[in-house]
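Hello,

Here is the structure I promised to pass on to you. Please have a look at it first, and then read my notes below.

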Amino acid sequence: MLLCTLLSGKMFGVLYINWGLLPAYIGILYGSSRTRTGLAALMLGSMYLSSLRDVPGHILLNSGLLLCPLLFGMSGKFRLGTITEKILVLWAALVPSLVLMAYTSAESGWNYRDTDMRHMLLISITMVVYLTVGALYIYLLETAWDKLEVDGRIASLSEKFRQETDNLRQITDMVPLSIIALDDNLRIIRLNETLMDKILTRSPGVSKGDIVNRTAFDLIHMLKLTMTPEIDQMLSIIQRKQRAAETILCYGRVIHFMATPLASKDKNKPGVMVIVMQDMTEEEKIRSELSHVERLSLVGQMAAGITHEIRNPMAVVRGFLQLMNEKCPPGLESYFQIVMEELDRANGIINDFLSLARSGMSTKEDVNLHVLLEELAPLLWADANLRGQSVELNLCESLPALRVNSKEIKQVILNLGRNAMEAMQPKGVLTLETRQVLGRAELLVKDTGSGMTETELAKLFTPFFTTKEQGTGLGLPLCLSIIERHGGTITVNSIHGAGTVFTVSLPCESE
C-alpha cells in the first residue's frame with residue numbers, strides 16, 4: 001500500500017490517481033477489525049505525504065476514508081461471497097473513489113474539455129486498468145487462499161492418517177496373534193511384533209529388514225523349517241489367494257490359521273493377502289483338562305450319591321445284627337462284635353468320602369485357634385498316653401480370630417495329630433505350634449517319626465493312597481479339602497528318618 005501510494009500522482013498534470021486505494025481497500029475487506037483500523041490510519045498518513053505536492057486541499061477525499069465505513073460494514077458478507085461477488089463489492093468502493101478523485105482534480109482547475117483526446121483516452125484506459133487490477137488482485141488472493149486451505153486440509157488429513165496408521169500398528173503389535181501381510185507376488189510387506197518375537201526364538205539375530213520383501217518360501221527357508229503336509233497346505237492356500245480358516249497341527253503345536261485377501265478399489269493394483277495365525281496349544285490343553293474335570297466331577301457326584309445310598313441298608317444290617325446278637329446262643333458275641341466294628345469302619349470311610357466330595361461351604365463363625373487347640377488337648381493327650389508318647393503346645397502370645405467352621409477345623413487338627421502319633425514310636429513327641437506370618441495364622445504339627453520319602457510326599461494328598469495297613473487314604477485329602485474351602489493351604493516338610501512337619505495356613509478375619 002505504501003509503495004502504491006508513492007507511485008500515485010497526477011496523470012499528464014491534470015487527473016490525480018491514488019493507486020494506494022487498491023491494496024488498502026482489499027486489506028480492509030479481508031482483515032480483522034484491528035487491521036482495518038490500522039489501514040485506515042495508514043491511508044490518511046500516506047495520503048497526507050503524497051498530496052502535499054499535488055492536491056493538498058483534498059486529502060480526505062483522495063484518501064478514500066469516506067468509503068471506509070461502507071467497507072467496514074460489508075467485510076462480514078464479503079468473506080462469505082464468491083469471487084465474482086467479492087470483485088463487485090471492491091468495485092462498488094473503487095468507482096466512487098475514482099469519481100471523487102476526478103472531482104478533486106476538477107476543483108483544482110482541471111477541465112476535461114481542454115484535455116487532449118489522446119490523454120483522455122489514456123486516462124480512460126487507466127481507470128479501466130485500475131478496476132481490472134483490483135479484480136485480478138481478488139482473483140489471485142482467492143486462488144492462493146483456496147490452495148492454502150487445500151494444502152492445510154491435506155496436511156491435516158495426512159497427519160490424521162499417520163496417527164491412525166500408528167495406532168493400528170500398535171494394536172497389531174499388541175494383540176497375541178501372529179499377523180503377516182503379503183503383496184501380489186507373495187512378498188512380505190508387513191509383520192507384527194508377536195510374529196517377530198516367535199521368529200527370534202527360532203532364529204536369533206534376524207531383523208525385520210531381513211524379512212520384509214522376502215517371499216513366504218524364503219521365510220520358511222530362513223527359519224530352517226522342514227516342509228510338512230501342513231505347511232504345504234498353508235502355502236497352497238496363500239498361492240491360490242483364497243479365504244480360509246483352518247486349525248492344523250504343526251510341529252506339535254495347534255495353530256489356528258486364517259487367510260484373507262484384501263480387495264483393492266483400483267483393479268489395476270495388486271491386492272494384499274493378510275495371514276493371521278494363533279497358537280491354540282495351551283487353550284486346547286485347558287479345554288481338554290476342563291472336559292476331563294467335568295467328567296471326573298460327574299463321576300464324583302455319582303459316587304457320592306451311590307455312597308450316600310449305601311449307608312441306609314448298612315444301618316438296617318447293623319440294627320438286625322444287634323437284634324440277632326441279643327438272641328444268639330452264648331459264645332457268638334465276639335463274631336457279632338467283629339462284624340459291627342467292620343460296619344462302623346465302612347461307615348467311617350463313607351463319611352470321609354462324602355466330606356471329601358462336598359464342595360459347598362458350611363457355616364462359619366469367628367473362632368480363635370488357641371481355643372480349639374485347648375478343647376482338643378485332652379483327647380490328644382489321652383491318645384498319646386496310650387501310645388507312650390507326649391504332646392507339647394507352643395502357642396504364640398496372641399492370634400487374631402479366624403472365620404472358620406469349628407467342627408471342620410477340629411477334624412483337621414485331630415487327623416493330623418493322630419497321623420503324627422501313628423508315624424512315631426513310643427516316647428515320640430508331638431508338637432503343636434502356632435504363629436502369625438504376614439496376616440495369616442499358621443498351625444505347625446511336628447512329629448519325631450521316621451519321615452517320608454520323595455515318592456510318598458508326591459502322592460501324599462492323593463485319595464486312597466496310604467502307607468498304613470488299616471488306612472483308607474482319605475484322611476489327608478479330606479484335610480486338604482477342608483483347608484482349601486477355608487481359603488488356606490497345607491504344606492509338608494519331611495526328612496526321611498528325622499520327622500515331618502505339616503504347616504496349615506489360614507487367612508485371618510481381617511483379610
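Let me begin with a helix pair: α15 passes α17 in a left-handed crossing. A crossing counts as left-handed if the near helix is turned anticlockwise from the far one by less than a right angle, and as right-handed if clockwise. Helices (H or I, at least four residues) and strands (E, at least two) are DSSP runs, numbered from the N terminus.

Before going on, please note that this is a predicted model, in which local features need pLDDT of at least 70 and side-chain atom pairs count only at pLDDT 80 or more, while totals for chains, interfaces and linings use all residues. Residues are numbered from 1 along each chain as its sequence is written, and side-chain values use heavy atoms, with hydrogens and water left out.

Back to the pair. Two packed helices are described by the angle between their axes and the distance between the axes. For α15 (residues 406-422) and α17 (residues 475-485), the angle is about 145° and the axes are 10 Å apart. (Axes are lines fitted to C-alpha atoms, for helices over the stretch in contact, and angles run from 0 to 180 degrees between N-to-C directions.) On the α15 side, the residues in contact (heavy atoms within 4.5 Å) include I409, V412 and L416, and those of α17 include L478, C479 and I482. By class, this contact of α15 with α17 has eight nonpolar, four polar and two charged residues. Here Ala, Val, Leu, Ile, Met, Phe, Trp, Tyr, Cys and Pro count as nonpolar, Asp, Glu, Lys and Arg as charged, and the others, Gly among them, as polar.

The crossing of α2 and α7 is right-handed. L21, L22, P23, I26 and Y30 of α2 take part in the contact, meeting α7 residues that include Y130, V133 and Y137.

The ring centres of Y30 and F78 are 5.0 Å apart and the planes stand at 85°, so the pair is edge-to-face. (Rings of Phe, Tyr and Trp, its six-membered ring, pair if their centres lie within 6.5 Å; planes under 30 degrees apart count as stacked, over 60 as edge-to-face and the rest as tilted.) The pair links distant parts of the chain, as F78 sits in helix α5 (residues 68-80), 48 residues from Y30.

Now the strands, where two of them pair if DSSP finds at least two bridges between them. An open sheet of five strands runs in the order β4-β3-β7-β6-β5, with antiparallel pairing. β4 (188-191) and β5 (244-250) stand at the edges with a single partner strand each, so one side of each has no neighbour in the sheet. Within this sheet, β6 (residues 253-262) and β7 (residues 272-279) are joined antiparallel over eight bridges, and P261 has M273 in β7 as its bridge partner. Helix α11 (residues 229-240) lies across β3, β5, β6 and β7.

Elsewhere, β9 (residues 390-394) pairs with β11 (residues 429-437) in the parallel sense over five bridges, with L393 opposite L432. β11 is also joined to β12 (residues 440-446) by seven bridges, running antiparallel. In the hairpin of β11 and β12, L438 takes a positive phi near 50°.

Best wishes
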